[in-house]
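These are my notebook entries on one protein chain. I set down what I looked up, topic by topic.

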Amino acid sequence: MPASDTIRSLRIVIFLNILRDGAGMVNRELGFAEELAKAGADVTVLSYFKPAFIPAIEGVKIRRVLPVKYFDLLYETALGTALAWWPIRRILKELKPDVVLTDLPHETAWAVRFRKAFRYRVVYTYHGVANSKYYSGAEAVELDRAREAVHRQLKQVDQAVVVSDFLLKETRSIGVEAVRIYNGVDCRLFHPERRFQNLVCTGPVALFIGRYTECKGALYVVQAFRRALENVPNAELVMHGYMESPAYMQQIQSFIVAHGMEQQVHIFGPLDGKEMAYRIHLSHVFVNASMSESFGMPLLEAQACGVPCAAFASEGIPEVVEDGTTGYLAPPADPEELGQRLGELLADESLRLRMGAAALEHARTYQYPILKDELFQTLENVMKQELRT
């Protein structure tokens, strides 16, 4: 669908915390930034901190608020607020945006703060808050507080956007009529033609990319892999992610040792974005055991590589993985069933190829040139609204 005169005339600021390669929210906004620029809109990506990388997207300008990358010292702190107030105001005054797009509460708060002064609309994409029932103590309390704060914020913006039907139910429960626009994928990066050829592997490889934390189910992944080994004893599991809890990492390591899997489970830290596609192409099945997932971006990226998935049917994941077609879904918190399904995929090459082909076709429906029409329509509707004061 060709862009309307409204879209071509828009001045848009996409306000992020930091441009960093491979981050899911960043990938989403850069994907849409490219489509908006192609349509003729004036697009600026504003990074709160100094960008960690500069994407080369024709027609998209990159600006930054602070010339540093110090999250811990300056993000959501009194010092950071004091340092950022004047640069943000100056940039917004200079750019004169019609719309400011945000993805996180901190940048949304800034956008709302200056909305009246510079007369623009704020469109906030809500990606969800982790379910506190998978945490305990102060961490659980903080998550509940964060969700309540976001709910208040969703009522302040001009348009709320969510990334799944799962989140649409949440926003409707608080009286907010959001628009659902799925996360997308750049199939140019994750295309199966980039798969390495003639690799020597002793057996099929399962891959986990995420975070080593309870709600993301890294221990469940290892437990499921133990079950899969009963059917595929030469399989290997490669894991990448941020190691957030030493105690949780100890549980994972202890389980590996207790079941003699030291030579078959390989644990690594996080990947940067350029490596992720290559790692997926080195694997045969992508495994995810997240308990709290509003969408599941890595699952979509794996499917874009033509790699089938095994995961829990948690929250928004069934919207991304088609059970029995692009992969297998197991009941949440059931590593035995997940392991059974994972083992079936690891053991049967013809099944993997069939599901992998279906996964690729499924992922292609999430490309940004397709999803952009929903965003364009949302922006047109927002521009018809009265400016909030």
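Which residues point one way from E5, and which the other way? I found that Arg121, Val123 and Thr125 point one way, while Val122, Tyr124 and Tyr126 point the other way, and that all are buried. Here buried means under 20% relative accessible area, exposed over 50%, and partly exposed in between, with a 1.4 Å probe and protein chains only.

**Entry on the source.** I noted that this is a predicted model, in which local features need pLDDT of at least 70 and side-chain atom pairs count only at pLDDT 80 or more, whereas totals for chains, interfaces and linings use all residues. Residues are numbered from 1 along each chain as its sequence is written, and side-chain values use heavy atoms, with hydrogens and water left out.

**Entry on E5 and its neighbours.** Helices (H or I, at least four residues) and strands (E, at least two) are DSSP runs, numbered from the N terminus. I looked up strand E5 (residues 121–126) and saw that it is mostly covered, with six of its six residues buried. Strand E4 (residues 99–102) is joined to E5 by four bridges, and the two run parallel. Leucine 101 stands opposite valine 123 in E5. Four bridges also join E5 to strand E6 (residues 159–162), again in parallel. Tyrosine 124 stands opposite alanine 160 in E6.

**Entry on histidine 106.** I located histidine 106 in helix H5 (residues 105–113). Its relative accessible area is 9%, so it is buried. Leaving aside residues up to four places away in sequence, histidine 106 touches Tyr48, Tyr75 and Glu76; contact means heavy atoms within 4.5 Å.

**Entry on the open sheet.** I traced six strands that form an open sheet in the order E10-E9-E8-E11-E12-E13, with parallel pairing. Two strands pair if DSSP finds at least two bridges between them. E10 and strand E13 (327–330) are the edge strands, each pairing on one side only. From one strand to the next, the twist averages 20°. Between E9 and E10, which run parallel, I recorded four bridges. Valine 238 has histidine 266 in E10 as its bridge partner.

**Entry on H9.** I checked the length of helix H9 (residues 218–229): at 1.5 Å a residue its twelve residues should span 16 Å, and the end C-alpha atoms are 17 Å apart, which agrees. The expected span is 1.5 Å times one less than the number of residues. Ten of the twelve residues of H9 are buried, among them Leu219, Val222 and Phe225. What covers the buried residues includes strand E8 (205–212), helix H10 (246–258) and helix H13 (335–347).

**Entry on H9 with H10.** The axes of H9 and H10 come within 9 Å and cross at roughly 10°. Axes are lines fitted to C-alpha atoms, for helices over the stretch in contact, and angles run from 0 to 180 degrees between N-to-C directions. H9 is therefore roughly parallel to H10; angles under 35 degrees count as roughly parallel, over 145 as roughly antiparallel, 65 to 115 as roughly perpendicular and the rest as oblique. On the H9 side, the contact residues include Ala218, Tyr220 and Arg226, and on the H10 side they include Tyr248 and Phe255.

**Entry on H13 with H14.** I read an angle of about 100° between H13 and helix H14 (residues 349–364), with axes 5 Å apart. H13 is therefore roughly perpendicular to H14.
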